[in-house]
Structure formats: structure tokens, C-alpha cells
Amino acid sequence: MPPQHPPQRNEIVEWYKSIPPITKAIFTLSIVTTTVATFGLVSPSSLILYWPNVRNKLQLWRLVSCFFFNKLSLGFAFNLYFLYRNSIQLENEVFQGQPADYVFFHLVTSGLQLVVSSIFGIYVLSDGLLLSIAYLWAQHNRETPVSFMFGIRFKVIFQYSEL
């Protein structure tokens, strides 16, 4: 009988499986939506929040896709990192054992952003999603010191106080 080798470990798959479900959904939707639009698999204009098409043609997916669509860039990578880091902490600490509350938080903030976008004509709400997560995280971690640009350290409350 040949020697038994332990199965190969794939650290990326293990890392992805370890992400809590709501954060995993947000993270995955952000990557997939941005990637398919960047590579031309889906027209970016069909992902933005264009109210006449939502009302007249019942393109309801626009109410969701506008939160996850972004331009593939270094800024998107940073936003994705902060979304992942802050959301995972919120889901594991603040909303631990209460996933419905975390989903409700996202539904309320997304609903408010949709109302504001209908008034001001905003087409992409991915920054609003990120900022709502960052703001809630900052409110729960007010005294946490963070580093900013070349090691300047200050408390979180001062980082997001302008939001």
C-alpha cells in the first residue's frame, strides 16, 4: 500500500471559508460585480442606479448592483480591504450571534442611500456602503488607535469625525 499523503491545503480557500456569511456576501458581490463590468461581461451602464430604467423597465437589480459596482483600481483594492476588515469585526464582535441585526443595519442604510440617490441623482453607491460600515465600526471602536500615512497614530474617533 502506498504511503498516505495528507490532502493539499489551499490557504486561500480556507481563508475565504473563514469569512462570516454577511461579510463574505458583500465582499464577493463587490469583487464579482466590479470584475464582470471591468472585463466587459456585463455593461457597466446596466449596473448603475438609473431610476428611469428601474421604474419603467423594472430593472430591479440596479437597486442592488449599484452598491457593489466600482472601477477596478488601486482605490478599489483599498476600499475592499477596509470593507473586509471593518465588516468582519462588526459581524464577529458587535453583531456576534445576531446576523439578522447586521442585515437589518445594511437594509436600513441602503434604503436611506437609495432615497438620497433619487433626490440627488447619484448612480453608484459603493462608497456609501463602505462609509456606512466604516462609520459604524468607528463608533464602536472610538478609542482604538490607528496608523495613518507613515505611522502617524491617532484614535479612530478623529479619523471618521468628519463623516
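Rings of Phe, Tyr and Trp (its six-membered ring) count as a pair if their centres lie within 6.5 Å, and the pair is called stacked with planes under 30 degrees apart, edge-to-face with planes over 60 degrees apart and tilted for the rest. The structure shown is a predicted model, in which local features need pLDDT of at least 70 and side-chain atom pairs count only at pLDDT 80 or more, while totals for chains, interfaces and linings use all residues. Residues are numbered from 1 along each chain as its sequence is written, and side-chain values use heavy atoms, with hydrogens and water left out.

**View 1. An aromatic cluster formed by W15, F27 and Y84.** The whole structure holds seven aromatic pairs. In one of them, W15 with F27, the ring centres are 5.7 Å apart and the planes stand at 80°, so the pair is edge-to-face. Because W15 belongs to helix α1 (residues 11–18) and F27 to helix α2 (residues 21–38), the pair ties together parts that are twelve residues apart in sequence; helices here are DSSP runs of H or I with at least four residues, numbered from the N terminus. W15 is partly exposed at 35% relative accessibility, whereas F27 is buried at 10%, where buried means under 20% relative accessible area, exposed over 50% and partly exposed in between (1.4 Å probe, protein chains only).

**View 2. The stacked rings of Y102 and F105.** The centres of these two rings, Y102 and F105, lie 6.2 Å apart with planes at 5°, so the pair is stacked. Y102 and F105 are three residues apart in helix α6 (residues 99–120), which means a separation of about one helical turn, and both Y102 and F105 are buried.

**View 3. The largest nonpolar core, with 22 residues.** A nonpolar core is a set of buried Ala, Val, Leu, Ile, Met, Phe, Trp, Tyr and Cys residues joined through side-chain atoms within 4.5 Å. The residues with the most contacts inside the largest core are L49, F67, L90, Y102, L114 and L129. At least two residues of this core come from each of α2, α3 (51–56), α5 (74–94), α6 and α7 (126–140), and α7 supplies the largest share, six residues. When residues up to four places away in sequence are not counted, L129 touches I26, F67, F68, L83, H106 and Q113, contact being heavy atoms within 4.5 Å.

**View 4. A second, separate core of six residues.** Among the members of this second core are I19, L80, Y84 and I88.
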